There are 2 protein chains.
Amino acid sequence: MLTINNHPRIKSLIPQIAKKGVVIVDGIGDRKRLLLQAIVDDYIKNAEPVGSRTIVKRYELGLSSATIRNEMADLEDMGFLDKPHTSAGRIPSHLGYRYYVNSLMQRYHLSQTEIERLSSELEIQAHELKQILSTIADVVSRATNYAAVVIEPTSSDCVINDIKLVVIDSHSLLLVVVTSDGLIKSRVIKSDIPVNESIANYMTNFLCEKLKGLSRDSVTLSTLSNIHNEFPQYHELIMLIFKFLDECLKESRNEQLYLSGTINVLNYPEYNDIDKAKAFLALFDKKDILKKALEQDNNAKGVSVFIGVENNQEELKEYSLILSPYKAGEKLRGKVAIIGPTRMHYSKAIVSLEYICGKINQLFEKLF
Amino acid sequence: MLTINNHPRIKSLIPQIAKKGVVIVDGIGDRKRLLLQAIVDDYIKNAEPVGSRTIVKRYELGLSSATIRNEMADLEDMGFLDKPHTSAGRIPSHLGYRYYVNSLMQRYHLSQTEIERLSSELEIQAHELKQILSTIADVVSRATNYAAVVIEPTSSDCVINDIKLVVIDSHSLLLVVVTSDGLIKSRVIKSDIPVNESIANYMTNFLCEKLKGLSRDSVTLSTLSNIHNEFPQYHELIMLIFKFLDECLKESRNEQLYLSGTINVLNYPEYNDIDKAKAFLALFDKKDILKKALEQDNNAKGVSVFIGVENNQEELKEYSLILSPYKAGEKLRGKVAIIGPTRMHYSKAIVSLEYICGKINQLFEKLF
DNA sequence: AATTAGCACTCACAAGGAAAGAGTGCTAAC
DNA sequence: GTTAGCACTCTTTCCTTGTGAGTGCTAATT
């Protein structure tokens, strides 16, 4: 990941105290910092390139437009600003946004109204995980006005805690698998050969004995053939059971994504261009790209921000992604993400996501 | 529903044989029919108002543009054509489309390639209903290039066939409900009071005895209090069981919708206007409107078409909806819909949907 | 009587050009 | 070091004008 802290050009600019006793907050200079902040703030708010006179009029920097122009030219040379064309104002570059996020932006404070609204929206009554997650996606997208992506919780070291076979009728069984995640998954399995309570119970016990406590990697071939040999006539059935167990344990299992608010983005002027809008919306049909994007910074404890090219996916290089993990019980971790234009209201998005993920953690703590 | 057959203006125009031995195919006249067909075909294909000279050049009607103009004026008077402005060509009105769909359009023939592609895409390996339905939505949207909506199958007279409680641990049970739909639903239920195998088995038997064969309406208060009295200390648990049973049986249960290809529509010129695109895409966030739209013509056996204002939902009056039921087993019925602009390739959409639903029925027949 | 040629008229749209406006960078003065 | 002033650039907007597609009507033709 490319961040302000390891980018070669920025490394030397990290806040430092000058020797002479004067606090120079930063290598790029205090005045430039204020100016850059003003420019990014203004651009985030108004979506229009910011000119030197605009700065003079809107922000009290006590400088003339000519001075601002000189400073802007410096900031452009440093790589923090871009110019769409000669006679437009400046817009922040990816680096500019990065510097802004790291050390310029003011922390957003959620208003009382916002907090109350979020709290009440997050009092989720649903029982099923998928309903909870889809509600969370809705809440995030409404709170931020960007697209929200939520991914199902998974855990890396998942073992089988319990297996049960419940007879439904003579040719169908319900296979119930309890994993160490605390998740309970079930699937109906059809058997060509008739089944009954006693064989189901016997099978249940046998399977439990052989498989309990095992992870996906520790189920060996000998275990499998052992089980197969015990039930020679139920070959088909056993195969189906293995397949389902594998799905339950597989780390890269087909985690469901929950999306919301993808069309929010059409409200932002940068997507008035129908092709840009289409490109953005098409992202959300490509689940694999989203999943990989959500895998970024997997060890982070809190919110991470990926601005444009910093993303690990080529397809996201025009967008910013704000990512936060959440915990569902002891071991399970999922992620919530916000996707929007690089011109994003970072401070509000970050704080909202922090708040929401805190609430989610509480919610799941109660549930598990 | 307003169709060509009961619309007051059109009623008199239904095909009829003239007395004199000459076959006058239709009250509006053979020539006008051909012309209308040409205009609608052309407009569906090119998305541009059709002028009299265009018709002369592209279609061999053997008439001069002046004659065509006269005929067009007639068709406009009859309500089949609209004019965007004086010097544009004509476009079909809702009534024009309706007449076209009812008696003008040529049946589309799926090519060998299309059939092969559909067949292979519909060889769905998934086990879970939701995966199957979401794949179906994908197939429909890819086949037609419009948005696809699939709704879960439900049945109106659903009774409880079986109930099982499986002990997971001392405070959780898996409740399994088998309904006459052939669906098996399960949910984990937490109990404050500890549970064990024997109480679970007893409860399972008691519940089965009291509730088996009952529909939602035939579960009476006395049955409920009967059960409550039998397990005074498990009041909470019983409440949760009832709640889940109710959900399983409720006709208007929260049927899941599966969407796909909503952004396909951005490829059509009528949605180059960002506001139109937004309005269209916003539809798919309003599940209740979609559900009501899919409830139209509930008794139809085959494909139905709703053009613009014919839809029961105000929000759909600019769009056309093509709807087909599918069967999942004996009693379960779901619906598949295509939503797109009124300028839709009706013949292809209808035939594709027919074909796909046929395949779906076969698929589910095998599964149940 | 039906069809068509001819023509005047309408309207949207594209191309071209001028003017306005926002902004820059440089120089010279403060 | 800061700023006023100015020439210059480039986009955007607004007009104008011309073109083309299309209509509807009338009179001539079949």
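Of the 21 residues around DNA strand C, the nearest are A:Ser52, B:Arg31, B:Thr67, B:Thr86 and B:Ser87, where a residue counts as near a molecule or strand if one of its heavy atoms lies within 4 Å of it. Sugar and phosphate make up 75% of the atoms of DNA strand C that come within 4 Å of the protein.

Before going on, a word on the ground rules: this is a predicted model, in which local features need pLDDT of at least 70 and side-chain atom pairs count only at pLDDT 80 or more, while totals for chains, interfaces and linings use all residues. Residues are numbered from 1 along each chain as its sequence is written, chains are lettered from A and ligands numbered from 1 in the order in which they are written, and side-chain values use heavy atoms, with hydrogens and water left out.

| Residue and its atom | DNA atom | Distance |
|---|---|---|
| A:Arg69, polar side-chain atom | base nitrogen, DNA strand C | 3.0 Å |
| A:Ala88, backbone N or O atom | sugar or linking oxygen, DNA strand C | 3.2 Å |
| B:Arg31, polar side-chain atom | phosphate oxygen, DNA strand C | 2.8 Å |
| A:Arg31, side-chain N or O atom | phosphate oxygen, DNA strand D | 2.8 Å |
| A:Thr67, side-chain N or O atom | phosphate oxygen, DNA strand D | 2.6 Å |
| A:Ser87, side-chain N or O atom | base oxygen, DNA strand D | 2.8 Å |

Which elements give two or more residues to the surface near DNA strand D? They are helix 3 of chain A together with helix 2 (52-58) and helix 3 of chain B. Helices here are DSSP runs of H or I with at least four residues, strands are runs of E with at least two, and both are numbered from the N terminus. Helix 3 of chain A gives the most to this surface, with 4 residues. Near DNA strand C, the most comes from helix 3 of chain B, with 4 residues.

DNA strand D is surrounded by 21 residues, and the closest are A:Arg31, A:Thr67, A:Thr86, A:Ser87 and B:Ser52. Of its atoms within 4 Å of the protein, 75% belong to sugar or phosphate and the rest to bases. By class, the surface near DNA strand D divides into 4 nonpolar, 12 polar and 5 charged residues, and the surface near DNA strand C has 4 nonpolar, 12 polar and 5 charged residues. For this count, Ala, Val, Leu, Ile, Met, Phe, Trp, Tyr, Cys and Pro are nonpolar, Asp, Glu, Lys and Arg are charged, and the others, Gly among them, are polar.

## Where the protein chains meet

Chain A and chain B each bring 32 residues to their contact, with contact meaning heavy atoms within 4.5 Å. Together they bury about 2,800 Å², 63% of it on carbon and sulfur atoms; buried area is the accessible area (1.4 Å probe) that two parts lose on being put together, summed over both. A:His127, A:Ile263 and A:Ile274 supply 19% of the area that chain A buries against chain B, more than any other three residues.

Strands of a sheet pair through backbone hydrogen bonds, either parallel or antiparallel. In chain A, an open sheet of 5 strands has the order 7-3-10-9-8, with antiparallel pairing; two strands pair if DSSP finds at least two bridges between them. Strand 7 (257-260) and strand 8 (304-307) of chain A each have a single partner strand, so one side of each is left without a neighbour in the sheet.

Strand 3 (residues 147-154) of chain A joins strand 7 over 4 antiparallel bridges, and here A:Val149 stands opposite A:Leu259. Helix 12 (residues 346-367) of chain A lies across strand 8, strand 9 and strand 10, running at about 20° to strand 9. Axes are lines fitted to C-alpha atoms, for helices over the stretch in contact, and angles run from 0 to 180 degrees between N-to-C directions.

An open sheet of 3 strands in chain A has the order 4-5-6, again with antiparallel pairing. Strand 4 of chain A and strand 5 (residues 172-179) are joined by 8 bridges, and A:Ile160 has A:Thr179 as its bridge partner in strand 5. Helix 9 (residues 235-249) of chain A lies across strand 4, strand 5 and strand 6, at about 155° to strand 6.

How values were computed:
Polar contact = N/O pair within 3.5 Å; in protein donor to acceptor, adjacent residues only side chain to side chain.
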